[in-house]
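Subject: Structure handover

Hello,

Here is the structure I promised to pass on. Please open it alongside this email, and my notes follow below.

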Amino acid sequence: MCGIAGSVTWRGQGASLETVDIALLAYRGPDALVTLASDALPQPPARIRWKLAHARLSILDLATNANQPMSTPDGRYWLVFNGEIYNNQPLRDELAALGHRFTTDHSDSETLLRACIQWGKAALERLNGMFAFVFIDNAEGTLFAARDRMGIKPFYYRFANGVFSFASEPKAFTGPRRVNRPELLGYFNFMQVEGTATFHEGVQKLPAAHCLELRDGDGPLPRRWWHPLQSAANGRDLGDARTCMELLREAVDLQMVADVGVGTYLSGGLDSSVITALASKGRQVNTFSIGFEEGTPGYQSELGHAQQVAAHLRTRHHPITLSPQAYLAAQDRVFRMLDEPIANSACGPLLLLSERARAEGVKVCLSGEGADELFIGYRHWHDAFRMDKFLHAMPRPALHALAIAGPVLRKRKPQWAAWMQRHLHHQYIIWGGIDAMAGQSPGARFSAGFLEQARAPYGIVCASYDAPACNNADLMQRLSAFDLHFHLPEYLLARVDRMSMAASIEARVPFLDHRLVEQAMRLNPELLVGPRGEKLALKDFARGLLPAAIIDRPKVGFEIPLQEVLNAQEALRQRDLLLAMDDALGIYSPAFRKELAAGNITGKQLWPHFALANWWNIHMVGH
């Protein structure tokens, strides 16, 4: 895993290459920092000019001849690649049988380079892994870029005046920055902006499972090359979960392959515990967990559960205990690292966890992200699924009668009230795993001018839910697909990527092996949710691996005691920063500004504003 950056243009465009600074991403790959320009080659290409940069974190084939940018011996084909190809060896064997001659011992970068030469865009279908890469053919003057199916690895780009520039993180782009103001309403709805957009005006993301090809200075036109539901054309047609669980075993085994130390992030919850159990088969692994001090108000510690799992599996366990003060100090470092705000309050603890892993000599950690999206681990998804069936079965007059009772319902069940109102407006009732403004009126928080300029958030929901691959899908399948390609890549996986890479750690996510995803999308709902709760298939599988007390305890998740951390005193301390941001951007309504000024917005309600203001101050004003 690494950091990549570069700038490309074509002869006749009359444009200078943009300066991209790989040194700003050195933490992503401190083992080798290389920048190479096509003009420095013995025979510069006639049709294309480029500058490619790579920051290497050496994980597989540690030799220097596996460094990047990587080319074929004749200098025609070039690659910069961030990620890991888990089926490296069988692909390498197949390519060797086709006549390809490898110069490295077992580098997956060279395997990817040769796969692109042999199969072109069709190589993507053969890859099992996480990746973001750029492949250049000097002779044809073409560029091909792609991002993995689940969006585990990031890819940012901008295109202006015939110059295409790209990077693993926006901070590698130099020059002035401007806030992408119309997208900020989406941030407050989903804790992230729309899939292709970013917080930076003029900078875009290549979405998960998308690729693009450029020739002669044509503008980028990303296209989707995979969809989570593409194998579920017949709906939920699997009545047995055994295939899924065998694929999970295989995914963990594949992702344990490395030439460096491998460990796991172990929260003590079901998902990370299952991954750790499978990783521990025949191996002793390092496990890392973090939590707040016992007795912290509003907090339920999982450290004891993590310790129980570690003892059961005989891992080398490394727990970390936090105070609210230590949390805020870590979060301050996070804000300085993130050049796009991630409004996930667990970033600071994950950074500390990754730093501890690196200090213990571990360079790869397996994580449990994705299990809730595959196996329906969210109770409110199940509730929404049942309510959607209920609403569609009710006659319209009865629904309008229910709407009259809206104020009472909003007071008792605000989320249910929001779902019903959306149904009455012919919308999908649930907009994703994080729908932060469900049941709230945007006009109470935001200025009229801001709302007029903002892009409405429902469009991205419709574009995903109504995609052709969703034609035969039920609501939970649509919701899973939406979160797998929207919420997960740019929120949860972005958190894992940035915080692990900040400590020079490669994080891997076995639940998101694409073969497992395709199979899980076909499971009958009865295997997922029912009177026994949620995530039933995974719980049943876990019974041969873990103590019943771990499997059957209620889902907690890593919750930060935000009411304690962002209390009234801290809200007042942040007041000037929040109001200065609003002075510049004009986001808030007068009433909400008054509440911020008084320190009345605290805890979880303050968090997204707190994260955005710190990003704005450090990375926009400071830059």
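Helices here are DSSP runs of H or I with at least four residues, numbered from the N terminus. The model is a predicted one.

**Helix H13 and what follows**

Start with H13, which covers residues 414–424. Several of its residues are buried. They are Ala-417, Ala-418, Trp-419, Met-420, Arg-422, His-423 and Leu-424. After H13 comes His-426. Its phi is positive, near 60°.

**Other positive phi values**

Two more residues belong under this heading. Asn-161 has phi near 55°, a positive value in a residue other than glycine. Asn-161 sits in the loop between strand S8 (156–160) and S9. Is Asn-161 buried or exposed? Asn-161 counts as exposed, because its relative accessibility is 72%.

Ala-209 is not a glycine either, yet its phi is positive at about 60°. Look for Ala-209 in the loop between strand S10 (204–205) and strand S11 (210–215). With a relative accessibility of 0%, Ala-209 counts as buried.

**A cis peptide bond**

Go to the bond from Gln-68 to Pro-69. This peptide bond is cis, and its omega is near 0°. Pro-69 belongs to the loop between strand S3 (48–56) and strand S4 (70–71).

**Helix H5**

How many of the ten residues of H5 are buried? The count is ten of ten, so H5 (residues 270–279) is mostly covered. The buried residues of H5 include Leu-270, Val-274, Ile-275 and Leu-278. Asp-271, Ser-272, Ser-273 and Thr-276 are also among them.

**Two helix pairs**

Two packed helices are described by the angle between their axes and the distance between the axes.

Take H10 (residues 379–393) and H17 (residues 475–502). Their axes come within 9 Å and cross at roughly 140°. H10 and H17 are therefore oblique to each other. The crossing of H10 past H17 is right-handed. From H10, the contact uses Trp-381, Ala-384, Phe-385 and Asp-388. From H17, it uses Leu-475, Met-476, Leu-479, Ser-480 and Asp-483. Sorted by class, the contact of H10 with H17 has six nonpolar residues, one polar and two charged.

Now take H22 (residues 568–585) and H23 (residues 590–597). These two helices pack at an angle of about 150°, and their axes are 9 Å apart. Angles over 145 degrees count as roughly antiparallel, so H22 and H23 are roughly antiparallel to each other. H22 brings Leu-572, Arg-575, Leu-578, Leu-579, Asp-582 and Asp-583 to the contact. H23 brings Arg-593, Leu-596 and Ala-597. The contact of H22 with H23 has five nonpolar residues, no polar ones and four charged.

**Cysteines**

How many disulfides does the structure hold? It holds zero. A disulfide needs the sulfur atoms within 2.5 Å. Cys-470 is in no disulfide either. For Cys-470, the nearest cysteine sulfur is that of Cys-462, 12 Å away. Cys-244 is buried, with a relative accessible area of 1%. Cys-470 counts as buried too, at 0% relative accessibility.

Glu-183 is in the loop between strand S9 (163–167) and helix H3 (184–190). At 10% relative accessibility, Glu-183 counts as buried. Which residues does Glu-183 touch, not counting those up to four places away in sequence? They are Val-193, Glu-194, Ala-197, Thr-198 and Arg-455.

Arg-522 lies in the loop between helix H18 (514–520) and helix H19 (536–542). Arg-522 is buried, because its relative accessible area is 17%, and the cut-off is under 20%. Leaving out residues up to four places away in sequence, Arg-522 touches Ser-231, Ala-232, Gly-235, Arg-236, Asp-237 and Leu-238. One separation to note is from Arg-522 to Thr-287. These two are 235 residues apart along the chain, and their C-alpha atoms are separated by 32 Å.

Best wishes

Methods:
Residues are numbered from 1 along each chain as its sequence is written. This is a predicted model: local features need pLDDT of at least 70, side-chain atom pairs count only at pLDDT 80 or more; totals for chains, interfaces and linings use all residues. Side-chain values use heavy atoms; hydrogens and water are left out. Axes are lines fitted to C-alpha atoms, for helices over the stretch in contact, and angles run from 0 to 180 degrees between N-to-C directions. Angles under 35 degrees count as roughly parallel, over 145 as roughly antiparallel, 65 to 115 as roughly perpendicular and the rest as oblique. A crossing is left-handed if the near helix is turned anticlockwise from the far one by less than a right angle, and right-handed if clockwise. Contact means heavy atoms within 4.5 Å. Ala, Val, Leu, Ile, Met, Phe, Trp, Tyr, Cys and Pro count as nonpolar, Asp, Glu, Lys and Arg as charged, and the others, Gly among them, as polar. Buried means under 20% relative accessible area, exposed over 50%, partly exposed in between (1.4 Å probe, protein chains only).
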